[in-house]
Structures are given as structure tokens and as C-alpha cells.
Amino acid sequence: MRNDSQPIGRKGESFIERARRTQIADAAAEVVAELGYARTSLARIAERAGISKGVITYHFDSKDEILRLVVTRFFARGWQHMEERISAQESAAGQVRAWIGSELEFFGAHRTEFLAMSDIMANHRGDDGTPAYADELAEEVNGLAEILRQGQRKGELREFDAMGVANIILRCLDGVLGSWAADPGVDLEAQSGVLLDFIDHAICKAVR
């Protein structure tokens, strides 16, 4: 999960306007997480936020804009949590572990927003019908692959297709999160440990 895009707030908006947009986005996340993407409407968001639809349309041009804010805001907060932990590691293997471990940690602490983000990303489409967040997903794979390549150049990691392995690691991460999303009883911390051990064996040189 990476997000180096534009600031989340509108240019020149007041503190009160930003607070209202945050309130609406929070309500939208709760509705999507509870009822699903298809059943999320401006009326339901307004009801959850305790405001009128008119207040929503004053602050947002469309439901699409609200749902994009839910995702981009969660991306930004998640990456802020992850980046400092990744940067604190000196080895490539440590950075990969920090990336995956801190992402699972952040999602685990924000289940409602994670469920909303996942549903929006799975269903949201651009004007041309393509997945709306394909660029963000590709950026995440590229970022992790670059860490793997750096580890290979320094001789820390064994030789493999860095892009392919980065994609596999992130899809394994999706699998762990998917299990937890379907069943909140899944021990996400324990599964994180299992996944990190699996990744270590996949990327690190064998100890002779």
C-alpha cells in the first residue's frame, strides 16, 4: 500500500469544511463496511452521519468523490504508519518484513475502514470501465520489487524475479487479509508471523 498522490483536503477549505468532509467519509466507510458497495447510497451515508443529503452534496460533487476519499485517506494514513517502520530497517529483508508486518498491523487496528476500502477497490471503476485503483496497486508491486532488487544487488537476497516475487508476496498478503475479512475470529497477528516466516524462506539466501 503506497500513496504519494495529492493532498486529501480541498485547496483552501476551512477547518470546519474539512471536519465535515471527514465526518461524511467516516460515515461512508461505515456504510460500505456494513452494507456493501452496491447498497451504499448518499441517503444511507447521510442517515449514518446524521445530516441531510443537501449537506453531502454541498461538500461533495458525487458519491464517487466520497468513496475515493475513503480510499485515498486510508492509503495515506496507512503509508504514514508503514513508511517510518520500513525506513528504520537497514537490510532489504528487514524492510520487506516491516512493509508486510506494519501493513497487517495497521489494517488490523482499523477493520471497518479496511473492509470499506477493500470493497470499494474491488468494485469501483473508472469512466472507461477499468479498475479505478490499478495504478495504485501497480505502484505497490513496483515499490516492493525495488526493495527486493536492492537486496539482490547488495548480495543480501538470493536471485529471483523481483517483480514476480513482489506480486506473489502481496497476493499472499491479500489472502491473509481476505481470510480475516471473512472471519474476524482469525488471529491476524499469528497469521502475520506465519506469512513473514514464509517470505523469509522465499527471499533470503539459504544458511549453509
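**Close-up views of aromatic contacts, core and helix crossing**

**View 1. Arg 68 lies over the face of Tyr 133, at 5.2 Å from the ring centre.** A charge counts as sitting over a ring if NZ of Lys or CZ of Arg is within 6 Å of the ring centre and within 35 degrees of the ring normal. Lys 63 likewise lies over the face of Tyr 37, with 5.7 Å to the ring centre. This is a predicted model, in which local features need pLDDT of at least 70 and side-chain atom pairs count only at pLDDT 80 or more, while totals for chains, interfaces and linings use all residues. Residues are numbered from 1 along each chain as its sequence is written, and side-chain values use heavy atoms, with hydrogens and water left out.

**View 2. Seven aromatic pairs are found in a search of the whole structure.** Rings of Phe, Tyr and Trp (its six-membered ring) pair if their centres lie within 6.5 Å; planes under 30 degrees apart count as stacked, over 60 as edge-to-face and the rest as tilted. Phe 74 and Phe 107 form a stacked pair, because their ring centres are 5.6 Å apart and their planes lie at 20°. Phe 74 belongs to helix α4 and Phe 107 to helix α5, so the pair ties together parts that are 33 residues apart in sequence. Helices (H or I, at least four residues) are DSSP runs, numbered from the N terminus. Both Phe 74 and Phe 107 are buried, that is, under 20% relative accessible area (1.4 Å probe, protein chains only). Ring pairs link Phe 74, Phe 106, Phe 107, Phe 114 and Trp 180 into a cluster.

**View 3. Phe 75 and Tyr 133 form an edge-to-face pair.** Their ring centres are 6.4 Å apart and their planes lie at 80°. Phe 75 is in helix α4 and Tyr 133 in the loop between α6 and α7, so the pair ties together parts that are 58 residues apart in sequence. Both Phe 75 and Tyr 133 are buried.

**View 4. The largest nonpolar core holds 60 residues.** A nonpolar core is a set of buried Ala, Val, Leu, Ile, Met, Phe, Trp, Tyr and Cys residues joined through side-chain atoms within 4.5 Å. Trp 99, Ile 100, Leu 148 and Ile 203 touch the most other members. Helices that each supply at least two residues of this core include α1 (15-35), α5 (92-109) and α7 (134-153). The most is given by α4, with ten residues.

Methods
Buried means under 20% relative accessible area, exposed over 50%, partly exposed in between (1.4 Å probe, protein chains only).
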